[in-house]
Amino acid sequence: MTINKLLTLSLALGLALAEPAAAQSAEATPIPQLVTRGGRHALLVDGAPFLILGAQVNNSSNYPEPLSTAWPLLDRIHANTVEVPIAWQQVEPEEGRFDLSFLQNLLDQARAHDKRVVLLWFGTWKNTAPGYMPAWAKLDNKRFPRMKDRAGKDHYVHTPLARTTLEADKRAFVKVMEYLRDHDPQNTVIMVQPENEVGSYRLPRDYSAAANRLFAQPIPPALAKRIGKAGTWTQAFGAQADRAFNTWHVAAYVNEIAAAGKAVKPLPMYVNAALAGPSNVPDPAGVASGGPQQDVLDIWKAAAPAIDFGAPDIYDRASGNVVQYLDKYARPDNALMVPEIGNAREFARFFYGAIGRGAIGFAPFGIDGTGYYNYPLGAKQLDEATLDAFALPYAALSSIMRDWARIAAERPTWGTFKPDDSAPQSATMGAWTVTATWGEWQFGQKDWTWLKSEPPSWATEPVGGVAVAQLSDDEFLVVGDHVRVSFAAAPGTAPNGMVVSVEEGRFDRGRWVASRVWNGDQTDYGINLLDRPQVLKVTMGRYR
Ligand code: DGJ
């Protein structure tokens with residue numbers, strides 16, 4: 001079956017593959033929704049699959065003027081979505097007095113610049129701490145208590161066991177969701193992140209007397225069922241028991257807030273994780289204990305059914321670690337999204353690894369013009385080379401954004417990026433092997449000793465990646481930059497496999513339209529994608 005036949009079949013099956021409803025007019029559109037079918041995920045926006053080509057503004061850009069500095073940069077990198085915080089302290093500066101004026105300004109600015117929004121609720125926990133709680137709440141430790149350490153002293157983190165804090169946070173969050181229900185019929189806001197990087201550093205759980213009593217009890221039945229273990233926290237989780245306990249209670253707290261918000265307007269909601277390294281058994285006192293790190297995702301699933309997925313915030317430059325994070329968060333029961341990644345140039349290539357694993361979104365952190373840079377986590381500054389690194393893959397994908405999202409929800413995909421050791425990467429897709437190599441000129445082969453040359457400038461740079469979608473048995477959609485891609489018959493398959501055609505083109509209402517055929521020098525030495533957005537369809541075949 002060819003890709004255009006697949007499209008016809010998909011439409012016949014009613015798979016929401018038609019062009020989306022007109023976006024961002026004041027007309028009501030279907031509420032965004034996350035759908036999972038056969039272990040693949042799609043974020044539906046305006047009724048059709050959508051890929052978040054995102055960016056997050058800096059923390060204190062949740063005011064009209066600093067927010068206004070973001071749009072030129074978002075356009076520069078071809079982003080379609082901006083992630084913006086809204087803080088409990090600005091929504092409820094005095095108890096019971098609510099101010100949603102920034103939210104309206106955000107909606108106005110985003111619509112004027114034709115961007116969608118992922119709204120970040122900075123409430124009880126922001127990077128675990130209460131910084132964004134209103135002063136009236138964070139100064140009242142009797143009503144809104146912090147966790148107790150083993151000596152009975154206050155820890156800096158608010159306990160997830162205080163109903164008072166939960167109710168107060170929930171009330172303000174619900175006001176935000178009510179405002180979206182009443183003022184955002186066009187769904188400019190497509191998704192919400194309740195809280196930010198929850199958990200507790202240096203203290204795995206609350207050790208107050210009430211918490212200790214709870215800790216001595218058996219684990220909740222829903223959790224016992226999910227993990228197939230019973231007994232106390234210590235019996236079920238051993239050395240990670242304190243952390244598992246805190247994870248359950250933080251997740252249940254966030255779940256209640258998310259569920260109350262969804263009852264008002266059922267937008268997809270996710271939580272982001274401060275990662276503790278790729279190890280599956282982090283030090284409970286070193287990790288943000290309670291957060292949705294990869295090894296405790298099942299606790300989150302059991303405690304927080306209103307949370308659609310947990311997501312990794314990636315500030316790790318080691319390519320092997322990034323592979324592990326992407327692999328661990330891309331699960332049949334957990335849609336992959338990278339809601340934060342460092343904005344330094346070398347992080348841009350990881351985009352291909354994310355979408356190749358079916359990611360519904362990706363967002364470098366700290367994209368605005370306020371002059372703040374979170375180096376050494378991210379870039380020293382957003383210079384042209386850095387912006388280009390994100391702009392190139394986003395430009396290619398934005399030209400096929402709806403098509404990629406639709407195809408990735410149904411068909412096998414693969415994505416890779418140049419690893420730190422520059423080793424070739426390959427995958428078998430059906431009867432074909434796809435191989436990505438790095439740092440080559442566009443002409444000739446590296447092992448041609450008779451044609452001497454110096455390596456190209458990008459051979460030693462942390463650039464290069466490719467994403468491939470298998471459209472049908474023998475057809476592949478390919479996007480990438482600073483990469484050579486080769487297709488060949490997979491070992492053990494029928495003989496005489498060859499590339500039949502390489503077309504550059506685009507989609508028109510879901511149908512592939514070729515603008516030219518690559519051949520000769522453009523394909524004799526592999527398919528070389530370098531410094532401009534290009535979308536290719538590769539067709540393989542066998543001669544008889
Ligand atoms: C991760 C947090 O989620 C962000 O809000 C920000 O603080 C970055 N770390 C660091 O810049």
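K537 and E475 are both buried. In this predicted model, the two residues also form a salt bridge, with their closest N and O atoms 2.9 Å apart. K537 belongs to strand β23, residues 535–542, and E475 to strand β18, residues 475–481, so the bridge ties together parts of the chain that are 62 residues apart in sequence.

This pair is one of 34 salt bridges in the model. Another is formed by the side chains of E92 and R171, at 3.4 Å from N to O. It too links distant parts of the chain, as 79 residues separate the partners. E92 sits in the loop between α4 (88–91) and α5 (101–112), while R171 is in helix α7, residues 163–183. The burial of the two partners can be read from their relative accessible areas. E92 has a value of 0% and is therefore buried, the limit for that class being under 20%. R171 reaches 42% relative accessibility, so R171 counts as partly exposed.

A further salt bridge joins R509 and D508, whose side chains meet at 3.2 Å, N to O. Here R509 counts as exposed because its relative accessibility is 63%, and the threshold for exposed is over 50%. D508, at 30%, counts as partly exposed. Salt bridges can also share partners, and in this way R163, E167, K170 and E256 are joined into one network.

The ligand site comes next. Which residues surround the ligand? The surrounding residues are N59, K126, N127, N196, E197, N272, D313, Y315, E340, F365, N374 and L377. Sorted by class, this shell holds 3 nonpolar, 5 polar and 4 charged residues. Tyr is counted as nonpolar in this sorting, so Y315 stands in that class together with F365 and L377.

For N127, a polar side-chain atom lies 2.9 Å from an oxygen atom of the ligand. In the side chain of N196, an N or O atom is 2.8 Å from a ligand oxygen. For E340, the distance between a polar side-chain atom and an oxygen atom of the ligand is 2.6 Å. On its own the ligand has 300 Å² of accessible area, and the protein covers 88% of this.

The surface of the protein carries a nonpolar patch made of F443, W450 and L451. Together these residues have about 360 Å² of accessible area. W450 is found in the loop between β16 (432–437) and β17 (465–472). Is W450 buried or exposed? Its relative accessible area is 61%, so W450 is exposed.

A28 is another loop residue, placed between α1 (3–12) and β1 (33–37). With a relative accessibility of 63%, A28 counts as exposed. How far apart are A28 and T370 in sequence and in space? In sequence they are separated by 342 residues, and in space by 34 Å from C-alpha to C-alpha.

Note on methods
Residues numbered from 1 in each chain as written. Predicted model: local features only at pLDDT ≥ 70, side-chain atom pairs only at ≥ 80, totals over all residues. Heavy atoms only, no water. Near = heavy atom within 4 Å. Polar contact = N/O pair within 3.5 Å; in protein donor to acceptor, adjacent residues only side chain to side chain. Areas by Shrake-Rupley, 256 points an atom, 1.4 Å probe, with all protein chains shown as cover. Patch = residues over 30% accessible without salt bridge, like charges linked within 9 Å, V, L, I, M, F, W, Y side chains within 5 Å. Salt bridge = Lys/Arg side-chain N within 4 Å of Asp/Glu carboxyl O. Helix = DSSP H or I, 4+ residues; strand = E, 2+ residues; numbered from the N terminus. Buried < 20%, exposed > 50% of the residue type's maximum accessible area, 1.4 Å probe, protein only.
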